[in-house]
Amino acid sequence: MKIVAQLMKNSSRGILRSALKPLLVGSARNMSADTTSKYNFETLKITQPKEFVTQVEMNRPKKLNAMNKAFWSEMRTCFQQLNADSDCRVIVLSGAGKVFTAGLDLMDIDSVAIMQSDMDPARKAFAIRGTIADYQETFTVIEKCTKPVIAAIHNACIGGGIDMTSACDIRYATQDSFFQIKEVDIGLAADVGTLQRFPKIVGNDSLVRELTYTARRFYSDEAKEMGFISRIFPDKESMIAGSMEIAELIASKSPVAVQGSKVSMVFSRDHSVREGLEHVAVWNQGMLQSEDIMKAVMAGMEKKMPKFSKL
């Protein structure tokens, strides 16, 4: 298809372009159709807008993308599948509709039924603990997935939205975005990642405790100032475009190098510098033998874009 595209570009007449354009359009449609057939979820919409870039869109706009039972299960399945998908190198996580997410759907969660049951308190505790562990894994899979994940946040990012985006690699937001660690307002401590990941991202213990204990909103400018997000866009459209641009750039790099970098950074965050160095040394004793290094070097010398094999 690249040869065809080049011929179209170089053709001095519009005849070849007109004749071959349906082939290119058909190819793009087939790629999108293949992605849809592989990923069929109730609460998530999966598309592949660019080569090696997958968009995961929370798709409950009428419910403000609130996280119900189906969502907690489907997110785990989705990211486990994406981790093994060689056609995916980067993921953009977004939300359909007016807001990114309103957080936990209190009308549709497993733990309520358990708490209202007549079970023995100790057995209730064991059952609730199992549910919490499952919910924790829903966002931990984002971190376990070796493909970089870009969170594209617009408007509200509340409660579970903080837990989820804290597990992402890169966070962008619109100017009108606001964030809220909401859990204390509904009588519980956040238990699926915020209290563990958010402080390490922000690096300001006093501020994290303030936001956690008060559940006050903080807006995009403050979120950027504290380091939770790295870019602010004027609106959702420009943010998605910007996210796709960065995703496409990352996807053009060696998947061996990019995914190895993510694995190393996640490991190093939770270990000492010495342990992190030992870990990446063991990792690279295998990865330095990759063909990608020679491809990258040769492409650089020839001033060309390297093309890397699927991983």
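What follows is a chat about reading helices, rings and charges in a predicted model.

Reader: What should I know about the numbering and the model?

Author: Residues are numbered from 1 along each chain as its sequence is written. The model is predicted, so local features need pLDDT of at least 70, side-chain atom pairs count only at pLDDT 80 or more, totals for chains, interfaces and linings use all residues, and side-chain values use heavy atoms, with hydrogens and water left out.

Reader: How many residues does helix 10 have, and what span should they give?

Author: Helices here are DSSP runs of H or I, at least four residues, numbered from the N terminus (strands are E, at least two). The expected span is 1.5 Å times one less than the number of residues. Helix 10 (residues 236-251) has 16 residues and should span 22 Å, which agrees with its end C-alpha atoms being 22 Å apart.

Reader: Which residues of helix 10 are buried?

Author: Buried means under 20% relative accessible area, exposed over 50%, and partly exposed in between, using a 1.4 Å probe and protein chains only. In helix 10, the buried ones include Met 239, Ile 240, Met 244 and Ile 250.

Reader: Which aromatic rings link into a cluster?

Author: Rings of Phe, Tyr and Trp (its six-membered ring) pair if their centres lie within 6.5 Å; planes under 30 degrees apart are stacked, over 60 edge-to-face, and the rest tilted. The whole structure has 10 aromatic pairs. In one of them, the centres of Phe 71 and Trp 72 are 5.8 Å apart with planes at 80°, so that pair is edge-to-face. Phe 71 is buried at 2% relative accessibility, and Trp 72 is buried at 3%. Ring pairs join Phe 71, Trp 72, Tyr 135 and Phe 139 into a cluster.

Reader: And how do I read salt bridges?

Author: Side chains of opposite charge can pair when their charged atoms come close. The cut-off is a side-chain nitrogen of Lys or Arg within 4 Å of a carboxyl oxygen of Asp or Glu. A search of the whole structure turns up 19 salt bridges. Among them, Arg 216 meets Glu 222 at 2.8 Å, N to O; Arg 216 is partly exposed at 28%, and Glu 222 is partly exposed at 22%.

Reader: Where do Lys 295 and Glu 291 sit in helix 13?

Author: They are four residues apart in helix 13 (residues 291-302), which means about one helical turn separates them. Lys 295 is partly exposed at 29% relative accessibility, and Glu 291 is partly exposed at 43%. Elsewhere, salt bridges with shared partners join Glu 143, Arg 197, Lys 200, Arg 269 and Asp 270 into one network.
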